[in-house]
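Thank you all for coming; I would like to walk you slowly through one structure this morning. Please keep the picture in view while I talk.

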Amino acid sequence: MNGAPRALDGTDPSTTILDWLRAQGLTGAKEGCAEGECGACSIMVARPTEGSGTQWTAINACLVPVAALDGQEVVTSEGLGRPDALHPVQREMAVRGGSQCGYCTPGFICSMAAEYYREGRCAPTAATPDPSQNGHEPAATANDPGNAPDHEHGPNGFDLHALSGNLCRCTGYRPIRDAAYALGAPADDDPYAARLAAAPPAARATRLDGATGTYARPGDLTEALSLLADHPDAVLVAGATDWGVEVNIRGARTPFAIGIDRLPELRTLSVGDDSVEIGAALSLSEVERGLAGRVPLLDKMFPQFASRLIRNGATIGGNLGTGSPIGDTPPALLALEALVVLASADGEREVPLADYFTGYRQTVKREGELIRAVRIPLPLSEVTAFHKIAKRRFDDISSVAVGFALDLREGVVTKARIGLGGVAATPIRALATEAALEGRAWSADVVREAAAVMRAEGTPMDDHRASAAYRTATLGTALLKLHAETATQQEVGA
Amino acid sequence: MSALSERPANPVVGQEIPHEAASLHVTGEALYTDDLAVRTHGILHAHPVQAPHAHARITRLDPSPALEVPGVVRVLTAEDVPGVNDAGVKHDEPLFPSEVMFFGHAVCWVLGETLEAARLGSLAVEVDYEPLPSLVTVHEAIEAGSFQGGQPHMERGDIEAGFAGAAHVYSGEFEFAGQEHFYLETHCSIALVDENGQIFVQSSTQHPTETQDIVAHVLGLPSHAVTVQCLRMGGGFGGKEMQPHGYAAIAALGSTLTGRPVRLRLNRTQDMTMSGKRHGFHAQWRVAFDDTGRLQALDATLTSDGGWSLDLSEPVLARALCHIDNAYWIPNVRVNGRIAKTHKTSQTAFRGFGGPQGMLVIEDILGRCAPQLGIDPIELRSRNFYVDGQSTPYGQPVRHPERVAICWEQVLTTGDVATRKADIAAYNASHEHSKRALAMTPVKFGISFNFTSFNQAGALVHVYKDGSVLITHGGTEMGQGLHTKMLQVAATTLGVPLSTVRLAPTRTDKVPNTSATAASSGADLNGGAVKDACEQIIERLRAVAAGRLGVHPADVRFSDGHVGKVGGGATVPWADLVNQAYFQRIQLWAAGFYRTEGLHWDSSAMHGSPFKYFSYGVAASEVEVDEFTGAYRLRQVDIVHDVGDSLSPLVDIGQVEGAFVQGAGWLTLEDLRWDESDRPSRGRLATQAASTYKLPSFSEMPEVFNVALLERAHEDGAVYGSKAVGEPPLMLAFSVREALREAAAAFGPAGTSVDLASPATPEAVFWAVQEARGGAEPPHMTAMVEGAPGVVPDQPGADAAPLRPRSEQAAQPARAGT
Ligand SMILES: Cc1cc2nc3c(=O)[nH]c(=O)nc-3n(C[C@H](O)[C@H](O)[C@H](O)COP(=O)(O)OP(=O)(O)OC[C@H]3O[C@@H](n4cnc5c(N)ncnc54)[C@H](O)[C@@H]3O)c2cc1C
Ligand code: FES
Ligand code: FES
């Protein structure tokens with residue numbers, strides 16, 4: 001903890017990192033929502049890179065059980081700098097008016113610092129924007145075309161999505177963006193930068209017994225499965241981004257939690273000749289980096305899934321584990337015809353994702369089973385898209401989500417796979433629409449006909465996110481939008 | 001230039017400096033009320049029992065099962081109140097209710113050794129309810145005739161004559177949503193009993209004096225036995241003007257009864273389900289234009305959704321009426337206001353305080369009418385601007401109206417509006433599925449509390465023997481940079497460097513009888529008081545310096561920590577002079593006081609000059625709308641805003657930008673949805689968390705955001721020539737809404753007028769696009785009608801009470817709002 005060990009004895013599985021930190025007197029991290037939405041609780045943890053080094057990774061301290069930090073390395077805003085010795089990120093934020101009430105600020109600092117240290121953030125060749133030129137776009141002077149500045153990237157390679165999970169009610173964000181875009185490269189003697197070369201602490205097997213329950217982190221899959229067999233009421237905890245919300249908002253308490261987020265067997269990523277296999281406990285950020293664009297449909301989905309803070313924890317196993325009808329990975333994975341690999345003490349089985357969901361938050365997953373991986377068959381369709389309808393562009397839950405994967409041969413749709421979320425009790429395939437497209441020309445007329453079919457898929461409902469009428473209407477326009485995009489390659493809409 | 005507004009040479013005011021606590025913010029070392037909990041030994045935690053009905057009678061409340069829960073220390077109920085069981089200033093808010101008035105109303109509070117124990121205890125308390133019929137929407141209240149408080153009426157000219165001769169008459173209805181404050185820091189109070197039974201409450205409050213009043217009133221103590229301190233707030237926005245008092249009183253009551261410190265911090269769900277919000281409004285309107293598009297008459301009835309109790313609803317409504325003209329001259333006006341009583345949280349102050357709601361009505365009218373009139377909205381708006389010599393419908397002369405036109409011209413130029421409009425037209429012609437639009441709107445906002453008595457402030461300035469200075473004033477810091485500005489004012493007046501001055505947290509035992517830090521008035525009022533205190537000290541030191549330097553007192557000059565003679569020569573360091581003065585037995589501290597002169601207001605007649613001056617600003621916003629989903633992007637925003645001669649430019653620009661984005665959030669994204677069904681969850685706030693109630697995030701920040709402060713904008717009536725800035729720029733966000741309307745209309749034939757719901761979420765914009773293309777009417781909207789009779793605004797009944805804040809009734813304690 002900020003460079004010194006602190007004892008975790010006697011913590012309950014439902015004690016979050018945030019509550020623990022604050023009880024320790026480390027009150028820099030704040031609670032703004034307790035459900036992963038505001039980022040006021042953001043902290044940095046040392047996590048592995050794809051290679052052998054460390055990546056400072058910002059996560060929501062309000063969601064994760066502190067027991068999961070046993071043996072881990074953590075940094076908070078207090079650890080980064082002091083008022084009389086500010087960290088470069090803190091200095092930029094302070095001098096540019098990046099804080100007003102200051103309540104969101106420590107969280108922004110941690111999210112920003114993690115991005116500051118991100119490997120591959122492009123070299124800081126750009127001139128530092130002049131703080132007095134408050135409103136103006138930073139000059140586009142980066143020399144790396146792959147990291148060219150745009151509305152979401154700074155001239156220093158800073159990716160604004162790193163801050164998509166931090167809310168500020170005071171500033172309107174412009175000075176925070178300017179602070180982010182003004183950051184140079186870490187100094188040579190920066191201890192946090194120096195730390196990146198070495199591996200993070202290994203995840204060790206743990207068992208912490210508290211007053212109301214136990215948190216156990218098994219060392220491997222076999223141990224996990226036998227624990228699960230012994231404790232049928234145990235709750236699996238991966239990134240804890242759903243679990244933390246259950247604990248904080250709905251008062252869920254669990255006598256026995258099994259931490260599966262560091263299990264090596266659930267953290268593999270392999271690209272074979274006929275499939276891509278993604279470990280269920282890799283965070284979405286890790287999957288995104290590991291795949292490096294090899295599954296374009298997922299690449300389109302990732303930036304629309306929650307925020308970077310959440311994606312740094314959230315796993316595909318957890319997204320499928322809840323059986324939620326509004327998760328964002330299912331529509332994409334359905335379009336990709338993914339299979340779910342389920343493991344239990346008795347062995348493994350594979351289930352097509354299309355058969356996995358059986359009802360509202362119901363799945364074929366049996367007691368004693370966990371999701372080890374998802375498998376995506378190759379080759380991939382060449383035309384793919386992910387449409388997410390939500391109120392807010394960054395970090396919102398879908399009202400409707402659509403994953404498309406189409407094969408076109410000489411203007412004819414040879415194969416269509418469309419996954420839908422938010423329009424029924426489970427994620428579904430738009431089978432009637434697929435049939436209306438397959439074997440027919442990818443033409444405006446056919447698309448209009450198929451769009452009418454798609455409009456009638458599912459049984460959307462009214463809720464506070466969207467009306468049923470709007471859900472139906474946007475289901476009906478999704479294919480038109482895709483067609484417009486593919487037909488003219490013209491950039492449409494937001 | 002007045003003595004108040006004139007700046008000395010080399011002033012510290014006007015310097016661009018970061019927030020005074022910035023280095024504490026960024027390191028996490030700045031303390032907020034809840035951060036004190038871990039530093040307070042033996043503290044208890046409070047948790048509410050919230051009622052699951054919109055309206056019900058409590059038939060039985062049995063706390064005893066809660067006491068069986070390990071760690072539960074006590075359950076606080078109505079019987080425990082030694083003073084008055086009331087947390088409001090209108091005596092209509094029982095702290096422990098016998099009748100549940102909204103879904104989530106706290107009926108009692110459990111104290112526990114841990115928050116978990118208190119939470120489990122709250123689940124164990126047994127309460128029986130007899131559900132009663134409820135009114136959840138403003139429509140239901142209007143239909144049922146359920147109103148509360150006074151019904152203000154504002155009239156000027158001859159309304160019928162205005163309509164009779166007009167070339168164009170339109171009418172319509174418009175209902176728009178309120179807004180959750182969503183300060184990042186939720187309500188929090190920590191109370192403890194000090195020596196000799198004195199209660200010390202640390203509270204996240206914008207109004208420490210009123211928190212003190214209510215705590216004293218609930219505990220049955222005189223005010224001198226209660227001290228309230230506010231270190232700083234993690235945002236307030238008006239949500240902590242009136243709402244913290246009850247929570248502070250619960251903590252204080254718990255502390256008196258147990259003898260232990262008590263912490264009451266609401267979690268986000270509790271905060272959203274229990275605390276008041278910006279008022280949503282319903283408006284009926286009729287408007288008349290002449291054949292050149294000049295406004296001739298406006299007849300409107302505004303109904304605010306006040307929720308279950310009055311709180312600040314009356315002054316909020318008064319300010320709405322006073323801002324329905326925005327920056328436009330309307331010769332004949334009649335506006336009526338009334339407050340619906342509904343079974344919802346009690347709606348309260350929120351940045352702009354009714355002003356935004358009043359102005360939204362006229363901007364919506366102009367946006368809807370412009371296509372019908374065949375006049376470009378930019379032209380229609382500027383054609384109606386006030387000019388010198390005109391006055392508002394409530395009779396206040398509009399001073400400096402030319403500043404709107406100057407800001408307007410500057411935005412047209414710096415925003416390159418003509419070129420961009422041409423680009424937009426070309427873009428729209430070549431893009432079938434997405435459209436862009438640029439809209440401009442002005443702001444004119446009256447500064448001062450409408451209620452004259454509140455326009456006063458105090459400060460305490462200590463100069464210690466070593467020359468260091470400590471200031472305290474009656475205003476609270478919630479991120480708006482008030483403390484930064486007060487440090488600058490003190491350093492300027494004393495002629496010392498900023499580092500010589502420190503500021504201590506706001507406390508009622510330092511400066512008593514303060515007004516809320518609200519109405520954007522914090523810097524004007526407290527700055528006047530700080531300056532006054534510093535000037536008293538300077539006057540005394542002047543005599544000492546005159547003797548030491550051998551010059552006439554009038555020729556002594558204090559600047560940058562040195563005291564010398566005007567025109568140069570030898571100087572004495574500030575600290576030396578101070579030390580010398582101490583030995584000469586000169587008083588080195590002073591209490592300062594300020595009251596705004598020249599205000600008068602008759603709220604029953606809705607007439608007078610309630611405002612010291614008007615703040616002005618103009619924004620141009622460009623958006624792009626996607627046909628398929630209604631999703632949009634805010635491509636560019638250009639703002640010129642009048643803050644007078646800025647006291648602190650970095651702070652002021654921050655206020656303008658932050659207010660703009662917050663306003664855009666209200667108008668486009670933030671969606672308060674109450675359950676209006678007949679299910680048992682009727683009246684429940686469905687969007688009661690950050691996951692369902694979406695605030696602007698980085699994705700809503702304008703992609704290009706240019707903010708300039710109006711130059712040569714000296715304001716004679718305020719401290720060092722500055723103007724208030726907290727609220728006015730929020731209303732610049734109307735330009736976003738109007739741009740969305742125009743972009744949606746661009747999907748239809750030229751001259752299309754569309755109705756746009758508020759908030760203009762992607763879904764609402766989607767329906768507006770459908771309407772433009774000749775499809776269905778957007779749900780929840782009433783179409784605009786051309787010609788008479790159209791919509792005829794309701795007129796008040798004979799029994800309607802005029803608006804007469806309690807505080808105007810001489811015998812009552814002055815406690816009503818802004
Ligand atoms: C602020 C916020 C925003 C969000 N936005 C989105 C969004 O945009 N789109 C979206 O789809 N979701 C979103 N979510 C939901 C959440 O992030 C995802 O569902 C996430 O994928 C869950 O993964 P996790 O590892 O955190 O799961 P956990 O919380 O650890 O677990 C969730 C559930 O799955 C079970 N589980 C976990 N791993 C496995 C496994 N390997 N095998 C079997 N069961 C398992 C657990 O027992 C638990 O019941 C959001 C959540 C938050 C808090
Ligand atoms: S407290 Fe809001 S994200 Fe953790
Ligand atoms: S500075 Fe107040 S919430 Fe960001």
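This is a predicted model: local features need pLDDT of at least 70, side-chain atom pairs count only at pLDDT 80 or more; totals for chains, interfaces and linings use all residues.

Before anything else, let me say that two residues are in contact if their C-beta atoms, placed from the backbone, lie within 7 Å.

Staying with chain A, its secondary structure consists of 17 helices and 18 strands. The radius of gyration of chain A is 23 Å, close to the 23 Å that the globule rule gives for 494 residues, so chain A is as compact as a globular protein of that length. Its C-alpha trace spans about 70 × 60 × 45 Å along the principal axes, and 57% of the 494 residues count as buried.

Let me now turn to chain B and to one pair of helices. The axes of α15(B), residues 522–549, and α16(B), residues 574–583, come within 10 Å and cross at roughly 100 degrees, which makes the two helices roughly perpendicular, because angles of 65 to 115 degrees count as such. On the α15(B) side the contact is made by Leu541(B), Val544(B), Ala545(B) and Arg548(B), and on the α16(B) side by Leu577(B), Gln580(B) and Ala581(B); by class, that is 5 nonpolar, 1 polar and 1 charged residues.

Finally, a word on confidence. The model scores ipTM 0.96 and pTM 0.96, and chain B has a mean pLDDT of 95, with 97% of its residues at 70 or more. Over residues 807–818 of chain B, however, pLDDT stays under 50, and for that stretch the model has 34 contacts beyond four places in sequence.

Conventions
Residues are numbered from 1 along each chain as its sequence is written. Chains are lettered from A and ligands numbered from 1 in the order in which they are written. Helices (H or I, at least four residues) and strands (E, at least two) are DSSP runs, numbered from the N terminus. The radius of gyration is taken over C-alpha atoms; the globule rule is 2.2 Å times the number of residues to the power 0.38. A residue is buried if 20 or more other C-beta atoms lie within 10 Å of its own, exposed if 12 or fewer, and partly exposed in between; C-beta atoms are placed from the backbone. Axes are lines fitted to C-alpha atoms, for helices over the stretch in contact, and angles run from 0 to 180 degrees between N-to-C directions. Angles under 35 degrees count as roughly parallel, over 145 as roughly antiparallel, 65 to 115 as roughly perpendicular and the rest as oblique. Ala, Val, Leu, Ile, Met, Phe, Trp, Tyr, Cys and Pro count as nonpolar, Asp, Glu, Lys and Arg as charged, and the others, Gly among them, as polar. pLDDT is the predictor's confidence in each residue, from 0 to 100.
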